[in-house]
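Here is a brief report on a predicted model.

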Amino acid sequence: MNHSSYKLIFKGVVQGVGFRPTVYRVANRLGSHGFVLNTGSEVEVVIDTDPDEFIFELRKDLPSLARIFSIEIVRDKRRFSDFKIKKSKQGSKQSLIPVDTALCDACLTELFDEKNRRYHYPFTNCTVCGARYSVIKNVPYDRNQTAMDEFPLCEECTKEYENPFDRRYHAQTISCPHCGPHYSIFDEKGQNIKSNNPIYEFAQRIDNGNIGVIKSWGGMHLCCTLDTISSFRSWYHRPQKSFAVMVKDSRAAKEFAIISKEKEDLLNSSNRPIVLLPKKKKLNVAPGLDYIGLFLPYTPVHYLLFDALEHNALVMTSANIPGEPMITENSDVFNLHADVYLLHNRKIPNRCDDSVIKPWRNNTFFIRKSRGYVPDPIPVSYDAHVVSVGPGENVTGGVSAHKNLYLTQYLGKTTSYETLNFLENSIRHLIKLTMEKGEIDAVAMDIHPGYESKRVAKSFAEEFHAPLFSFQHHWAHAASLLLDNNESRAVVLSLDGLGYGEDELLWGSEVIDTSFTSYSRISHLKAIPLLGGDKAAIDPRRIVFAIFDQFDEELFFTGKKAELFRKILSESPLSTSFGRVLDALSCYLDICCKRTYDGEPAMKLERYLSLGKKRFSFRPSVNQGVVDTVDLFQQLHKHSTILSKPFTEKDKADLAVSFVDALVSSLTQEAINYAQDHSLKHIGVSGGVSYNIPIVEMIRAQVKKEKLQFLVHRRIPNGDGGISAGQNVLAGYKLL
Ligand SMILES: [Zn+2]
Ligand SMILES: [Zn+2]
């Protein structure tokens, strides 16, 4: 027996994932004496046996969610007579916070085992599965700091909790039918319906065409069967919006979408995101789009629900009043006026909407990064505590500490008071989880004068006496792309809807030479007037009218209306938005002339872009980096007048591809020329338009042809959900 001891300090995802029990079991197996201690930032293990053997054995047994980033080994003089798990202590907060993780196989088996005491128990979980981020109120991760603090363990659960050889040993959120939370069912008036089996009762009503609300770990969903979708749409005032569908299992998923092995793995991953997949059936859930968002059950209640249902798929969407965050309080949810509610009595400290992923090649584009992924730390080079508040829509917040950047879950549109609160609270929560002392060194926001999120930024800056920095929207997008790819400089096509420009115009098609300390705008589309400002986003016919007016063609509006519009054109805001040009094209081709949800005309155009061929050769004139969109529309119009009307589907697709290719390749060529002149090796794409797969493919092909490196997003959302990351890193560099 070796007479000296060793202290091993483990960093990584080592809390709330069954790490300490595993250490305990390995120590017992090897006959090591000493202890394991959760310090709040790391796990400390002291043993009196060979550390290399210990680490080797530990790695073999490592729980699936645990990730060891580093191990520090130091000599220790102490002696021990047994091995103990010591009580957690509050230390520096550098430990990574675990994410919500789908029910594991062992728990799933128990869920349907009649002899098990957790048979059909909708809150079963263990050390490797269950709600984490959505129920954690503070670190260290212990039961009394989670939403389970209101449910003391019963005798039997305590035994499991205290038995190092049980798979629920020190699992903080365990419970059973005797001691845990429970579900109840309520009718449309919010009256409790007496039932011995509320889940079964709920399933029957959903099968019969009711619209229901179901509460799970980190939020509530509205749900109904696919047969009920038409009435659901009119009830929810969402005539066209695509809804995600939860399917019973992979087999059911394959009925609705074409699914490769990789995508099936993504669906089945313990993060359980909604995955956008090529649509198989003509479904009314995503009208005009060629993909459908599918996801699999992830909480026990979802499994029990599908077990009881006749249907194998349900429309599932976050339960919220449009424009506001997802509802979390039982008392608030009845305002939705659904037919039936399946609710439980556990609180939701941190709501998390479902994450949405669009796979591309071997990549994942996060349309929404939330449940199952948050908080995913992104290493940064600065130590400063920076808070960033994002832009105005699809907002996330950012907090940096200990050279890691954490983004909040998806928050939504900050025009609602509730979302602003959500933004502030989510940032405060991350501050609490990641910093010993809540001291903020800087606060970052957008330069847009109208964004409500700036109020949150200003109040943080005031409270912490921290400097406040503002950054241009597309620079922030581009900076987030650099961070995502671990690069320090690149030429970035920052393409999206609208962002406020330094020249007070609305930008959205910026080719920029980007670094973390400066940027310069190389190229962009010609500015066009957004007729009537915000109205032009909802009614793309106005943009078409404004563009065609510049070459004396009158489209969509004539007579008095046209006269009036011509008058207000001169007062309308000018914009270089790429997104609005796509909207205009979508409308001109009669694909979508009315926006009923964000991005609708451009998203519907995407299907045509993936179907069409480059049949017409358009080429916009380019003058000092400004690509003439109006000129391009004039060419489109000239070519299309010789085609039969209304356009055939094939003509629409070919015109769309020819037009977009001309537009994209002009901007990309400007980027390439600049990169080659300045010996830069990287060209990338960011912003909401970079979710559009055919457009990303066009840019990629052109960049690859020049043997340059092509950068896309991997972990940070391409769209406005990534802005807080860009703002954070730009502010972090200001302090270096
Ligand atoms: Zn489990
Ligand atoms: Zn119990």
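## Metal sites and a helix pair

Four cysteine SG atoms, from Cys-154, Cys-157, Cys-176 and Cys-179, coordinate the zinc ion (ligand 2) at 2.2 to 2.3 Å. The site of this zinc ion is tetrahedral, with angles of 102 to 116 degrees among its 4 donor atoms. Along the chain, the donors of ligand 2 follow the spacing C-x2-C-x18-C-x2-C. Cys-154 sits in the loop between helix 3 (105-111) and helix 4 (155-162), and Cys-176 in the loop between helix 4 and strand 6 (183-187), so the pair ties together parts 22 residues apart in sequence.

The zinc ion (ligand 1) is held by Cys-104, Cys-107, Cys-126 and Cys-129, each through SG, at 2.3 Å. Its 4 donor atoms subtend angles of 106 to 114 degrees, which makes the arrangement tetrahedral. The donor spacing for ligand 1 is C-x2-C-x18-C-x2-C. Cys-104 lies in the loop between strand 5 (83-85) and helix 3, while Cys-126 lies in the loop between helix 3 and helix 4; this pair links distant parts of the chain, 22 residues apart.

| Zinc ion | Distance | Donor angles |
|---|---|---|
| ligand 2 | 2.2 to 2.3 Å | 102 to 116 degrees |
| ligand 1 | 2.3 Å | 106 to 114 degrees |

Now the helices. Helix 5 (residues 198-207) packs on helix 9 (residues 300-308) at about 55 degrees, with axes 9 Å apart. The two are therefore oblique to each other. The crossing of helix 5 past helix 9 is right-handed. Helix 5 contributes Ile-199, Tyr-200, Phe-202, Ala-203 and Asp-207 to the contact; helix 9 contributes Val-301, Leu-304, Leu-305 and Ala-308. Of these contact residues, 8 are nonpolar, none is polar and 1 is charged.

Terms used:
Residues are numbered from 1 along each chain as its sequence is written. Chains are lettered from A and ligands numbered from 1 in the order in which they are written. This is a predicted model: local features need pLDDT of at least 70, side-chain atom pairs count only at pLDDT 80 or more; totals for chains, interfaces and linings use all residues. Side-chain values use heavy atoms; hydrogens and water are left out. Axes are lines fitted to C-alpha atoms, for helices over the stretch in contact, and angles run from 0 to 180 degrees between N-to-C directions. Helices (H or I, at least four residues) and strands (E, at least two) are DSSP runs, numbered from the N terminus. Angles under 35 degrees count as roughly parallel, over 145 as roughly antiparallel, 65 to 115 as roughly perpendicular and the rest as oblique. A crossing is left-handed if the near helix is turned anticlockwise from the far one by less than a right angle, and right-handed if clockwise. Contact means heavy atoms within 4.5 Å. Ala, Val, Leu, Ile, Met, Phe, Trp, Tyr, Cys and Pro count as nonpolar, Asp, Glu, Lys and Arg as charged, and the others, Gly among them, as polar. Donors are N, O and S atoms within 2.8 Å of the metal (3.2 Å for Na, K and Ca); water is not among the atoms, so sites may look incomplete. Four donors count as tetrahedral if all angles lie between 85 and 135 degrees; four count as square planar and six as octahedral if opposite donors are over 155 degrees apart and all others between 65 and 115; anything else is irregular.
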